[in-house]
Amino acid sequence: MTRDRLIRLCWATVSLIVLAVAVGPGVGNFVAAMMGDAITVDYPWLLEAGRHLLATRTLPETDIFSWTHDEKPWVLYQWLFEAGLAAAEGMIGVDWLVRLFMLAVIAIYLFIPLFAAVPHRVSFVLTGAIGAIALLMVTLNMSIRPGLLTTLFLLIQYMAIAAMRRGRLGRFGGTAIIAVVYLLWGNIHLGVILGPASLALMLIGDAVDRSGLRRFDPADPEIEGAPLSPAAMLVLIGAAVGASLLNPYGLHVYGRIIDLSAQADHTAIVDELQPLDFGLVQGQLLLLCAGLFLLALIRFRRTLSTQEILHIVVFTGLAVVAGRLILWAALFHVLVLPKALHHLWCDEKARRRWLEPALGAADEFRPMILAMLVLYGAGMSLVVPHQVAAQRMGLCEPLLPGLREVARLRQPGDRMFNDDKSGSCILLVDPNAKVFIDTRFDFYGQAFLAEAAYTMSLRTDWRETFDHWDVDSAIVTREWPLAGALDSAGDFEKLFDDGIVAYYRRRDTS
């Protein structure tokens with residue numbers, strides 16, 4: 001064995017160890033987290049809304065779940081996701097739905113970047129390591145909700161425009177892909193607004209690079225394409241916005257997003273919209289990726305296009321302001337950071353020839369390693385049985401035995417008070433129940449949310465709320481002070497209490 005061959009094999013071994021140390025815990029911890037977190041308290045009403053759509057073939061005009069707001073208009077902006085969720089759950093069941101969900105997420109953040117989204121000249125060790133870190137980051141807010149498809153659509157859009165930049169996709173083909181994506185996106189998730197925002201960053205960045213205001217001089221030009229003209233970008237933006245408006249609510253979709261963003265009260269009560277907690281490992285990993293990006297940017301300022309710099313800066317900033325947006329910050333770090341580090345490495349090895357074999361040493365093993373990664377990711381997602389999770393149905397799991405008993409005890413037409421979590425979870429065992437409130441916080445509005453929360457925490461006189469709404473029964477989880485008040489209320493009888501869920505009925509005083 002020659003000396004050069006020995007050096008290359010040593011570097012290849014180091015590279016594969018780095019990849020194994022990153023990907024193993026990344027995928028493994030993601031799957032373990034999703035065993036109990038894939039299904040949230042939103043899942044029950046998303047599923048039942050989809051079942052209603054499939055059964056009636058029409059969009060409901062008013063609320064179908066609550067008795068308190070049954071006459072209020074309810075707009076299903078994500079109707080296509082809900083219908084698809086119900087259809088999928090009906091065909092394969094919830095356990096396989098969770099397995100396929102996990103596989104889809106691993107594909108978005110790891111497999112697709114490795115095979116298609118990141119140029120092959122970039123070491124797969126870099127792409128795989130950053131993708132595994134991203135899988136750890138997204139455990140903060142990843143679940144079976146339409147935000148997953150917003151992530152997928154952002155990825156498809158990025159890949160389509162990157163192919164246009166490299167001359168592998170024509171303007172007509174790129175526009176057609178964008179139009180189809182937004183036709184679906186506008187009917188699936190309010191996150192559709194992130195798409196035009198991303199296109200606007202591309203328009204601004206490409207205009208800067210084309211004008212010469214900022215010099216773009218990558219160390220490896222073969223993995224970069226030419227900036228698109230403003231005219232081409234405006235056509236794409238027009239196709240995107242126009243296609244997204246082909247939904248039952250038209251322009252009102254964008255209006256609703258703006259309204260929600262402006263509601264400080266709504267933002268204040270939703271945990272996921274709070275600033276990112278850097279005490280959490282997910283926040284620290286985002287800081288790590290941002291630090292690596294800044295290292296590449298400061299060391300060689302011209303190695304990345306302006307639009308990619310803007311994407312990292314803007315989406316990382318959004319994640320800092322609202323932690324749930326870490327899903328999309330992680331995506332752009334997977335797409336951009338390996339390229340940034342690749343350019344940094346190319347420049348370094350041009351200056352220091354002895355480094356040349358280091359990063360690409362494992363490339364000759366690429367087919368074998370990628371096959372192993374796919375088998376490992378697919379195996380972890382599909383083979384590991386979801387039933388082993390103690391929290392199979394997430395936060396609803398501990399409530400379900402009690403809610404099944406409540407479903408048996410409740411009477412048709414009950415004006416039942418409940419907390420928001422119970423109001424969503426009961427739909428899993430009693431789809432016909434009418435609730436006081438559930439987790440659709442934007443639907444109920446701040447005033448009603450405050451009334452319900454203050455009643456459950458006894459910050460206001462609970463009898464005033466019960467009398468105002470003519471409540472005749474109540475489900476209360478024991479964590480709320482209201483349960484203790486009802487225990488001692490002489491005009492309410494406790495029919496069930498398993499230590500987690502208690503059910504009360506007003507005594508008949510006739």
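**Close-up 1: Thr 455 and the residues it touches.** Setting aside residues up to four places away in sequence, Thr 455 touches Phe 417, Thr 460, Trp 462, Thr 465, Phe 466 and Leu 482. Keep in mind that this is a predicted model. To find Thr 455, look in helix H19, which covers residues 446-456. Thr 455 counts as buried because its relative accessibility is 0%, and the cut-off for buried is under 20%. Its side chain also reaches back to Glu 451, with 2.7 Å to the backbone oxygen of that residue.

**Close-up 2: the second largest pocket.** Here we're looking at about 340 Å³ of space. Two helices each give two or more residues to the lining: H3 (79-117) and H5 (147-165). H3 gives the largest share, with eleven residues. The lining has 17 residues, and the ones nearest the centre of the pocket are Phe 81, Ala 88, Leu 97, Leu 148 and Leu 149. Sort the lining by class and you get 15 nonpolar residues, one polar and one charged.

**Close-up 3: Met 142 in the largest nonpolar core.** This core has 155 residues, and Met 142 joins Phe 30 and Tyr 109 as the ones that touch the most other members. Helix H3 shows up again, giving the largest share of the core with 19 residues. So what is Met 142 in contact with, once its neighbours within four places in sequence are left aside? The list is Phe 30, Met 34, Asp 37, Phe 101, Val 105, Tyr 109, Leu 148 and Leu 327.

Conventions. Residues are numbered from 1 along each chain as its sequence is written. This is a predicted model: local features need pLDDT of at least 70, side-chain atom pairs count only at pLDDT 80 or more; totals for chains, interfaces and linings use all residues. Side-chain values use heavy atoms; hydrogens and water are left out. Helices (H or I, at least four residues) and strands (E, at least two) are DSSP runs, numbered from the N terminus. Buried means under 20% relative accessible area, exposed over 50%, partly exposed in between (1.4 Å probe, protein chains only). A polar contact is a pair of N or O atoms within 3.5 Å; within protein, one must be able to donate a hydrogen and the other to accept it, and residues adjacent in sequence count only if both atoms are side-chain atoms. Contact means heavy atoms within 4.5 Å. On a 1 Å grid over the protein atoms alone, a cavity is a set of points where a 1.4 Å probe fits but cannot get out, and a pocket is an open set with protein on both sides within 12 Å along at least five of seven lines; lining residues have an atom within 4 Å of a point. Grid points are joined across faces, edges and corners, and a volume is the space filled by probe spheres set on the points. Ala, Val, Leu, Ile, Met, Phe, Trp, Tyr, Cys and Pro count as nonpolar, Asp, Glu, Lys and Arg as charged, and the others, Gly among them, as polar. A nonpolar core is a set of buried Ala, Val, Leu, Ile, Met, Phe, Trp, Tyr and Cys residues joined through side-chain atoms within 4.5 Å.
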